[in-house]
Amino acid sequence: MTLGNLRGLYQQVILEHYKKPRHKGKTNPVHRYQKGHNPSCGDTIELTLQLSEAGDKIEDVKFEGEGCAIAMASADLMADALHGKPVNEALEMVQRFQSMMKGQEEFPKELRKLNVMQGVSQFPVRIKCANLTWHTLKAALEANDPQADSFVTNENE
Ligand code: ZN
């Protein structure tokens, strides 16, 4: 497979998730809510999370927002991958995604769907678009006041 084809494949998967997101909306109930904004592109995202009774596992993730195909597809792929994941594992995934965007790591076989975003690391201006949803997730999971109506920005990353 040539690099050109590989890029085409990434692009196709990204566009598919952008056009037909499977995790758009709000979770019911909403245990965590977080807005995120990427000023360099204008992407905004609102993440809602449903946690397990003990609060240590992610039962469901949904997102709403507006932005470019990469930001929206990344959110949809992330929501897909987070189903049933323990919170500590989700935070590890945030780190792994961010280092994947630096070209340093990729996801293991069971999470390989997330590796389609790897192609984005070749386009530095788009990295913040792909990272936005993960950045927002981290803030949602680490928030002291789970219902705080604040938003995060990745401007300083
Ligand atoms: Zn964007």
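Helices are DSSP runs of H or I with at least four residues, numbered from the N terminus. Under this definition Lys138 belongs to helix H4. The model described here is predicted.

The protein has 4 helices and 4 strands. From the N terminus, the order of elements is α-β-β-β-α-α-α-β. Of the 157 residues, 45% are buried. Contacts were also sorted by sequence separation. Among those with a separation of 6 or more, 61% join residues 24 or more positions apart.

Helix H3 covers residues 87-101, and helix H4 covers residues 124-142. The axes of H3 and H4 come within 10 Å and cross at roughly 155°. Angles over 145 degrees count as roughly antiparallel. H3 and H4 are therefore roughly antiparallel to each other. The crossing of H3 past H4 is left-handed. By class, the contact between H3 and H4 comprises 12 nonpolar, 3 polar and 2 charged residues.

The H3 side of this contact consists of Val87, Ala90, Leu91, Met93, Val94, Phe97, Gln98 and Met101. On the H4 side are Ile127, Ala130, Asn131, Trp134, His135, Leu137, Lys138, Leu141 and Glu142.

H3 contains 15 residues. The helix spans 21 Å from its first C-alpha to its last, close to the 21 Å expected at 1.5 Å a residue. Buried positions in H3 are Val87, Ala90, Met93, Val94, Phe97, Gln98, Ser99, Met100 and Met101. These buried residues pack against several elements. The partners are strand E2 (43-51), strand E3 (58-66), helix H2 (69-82) and H4. After H3 comes Gly103, with a positive phi near 80°.

Lys138 has a relative accessible area of 32%. Leaving out residues up to four places away in sequence, Lys138 touches Leu91 and Val94. Both Leu91 and Val94 are listed on the H3 side of the contact with H4. Lys138 was also compared with Glu92. The pair is 46 residues apart in sequence, and the C-alpha atoms are 9.8 Å apart in space.

Thr136 is also found in helix H4. Its relative accessibility is 0%. Buried means under 20%, so Thr136 counts as buried. With residues up to four places away in sequence set aside, Thr136 touches Gln34, Lys35, Gly36, Ile45, Leu47 and Val152.

Strand E2 contains Gln50. Contacts of Gln50, apart from neighbours within four places in sequence, are with Thr27, Asn28, Pro29, His31, Lys57, Ile58, Glu59 and Asp60. Gln50 and His83 are 33 residues apart along the chain, with 9.8 Å between their C-alpha atoms.

Two of the residues in contact with Gln50 are Asn28 and Pro29. A cis peptide bond joins Asn28 and Pro29, with omega about 0°. Pro29 sits in the loop between helix H1 (3-19) and strand E1 (32-38).

Terms used. Residues numbered from 1 in each chain as written. Predicted model: local features only at pLDDT ≥ 70, side-chain atom pairs only at ≥ 80, totals over all residues. Heavy atoms only, no water. Axes fitted to C-alpha atoms, helices over the stretch in contact; angles between N-to-C directions. Helix = DSSP H or I, 4+ residues; strand = E, 2+ residues; numbered from the N terminus. Parallel < 35°, antiparallel > 145°, perpendicular 65-115°, else oblique. Left-handed = near helix turned anticlockwise from the far one by under 90°. Contact = heavy atoms within 4.5 Å. Nonpolar A, V, L, I, M, F, W, Y, C, P; charged D, E, K, R; others polar. Expected span 1.5 Å × (residues − 1). Buried < 20%, exposed > 50% of the residue type's maximum accessible area, 1.4 Å probe, protein only.
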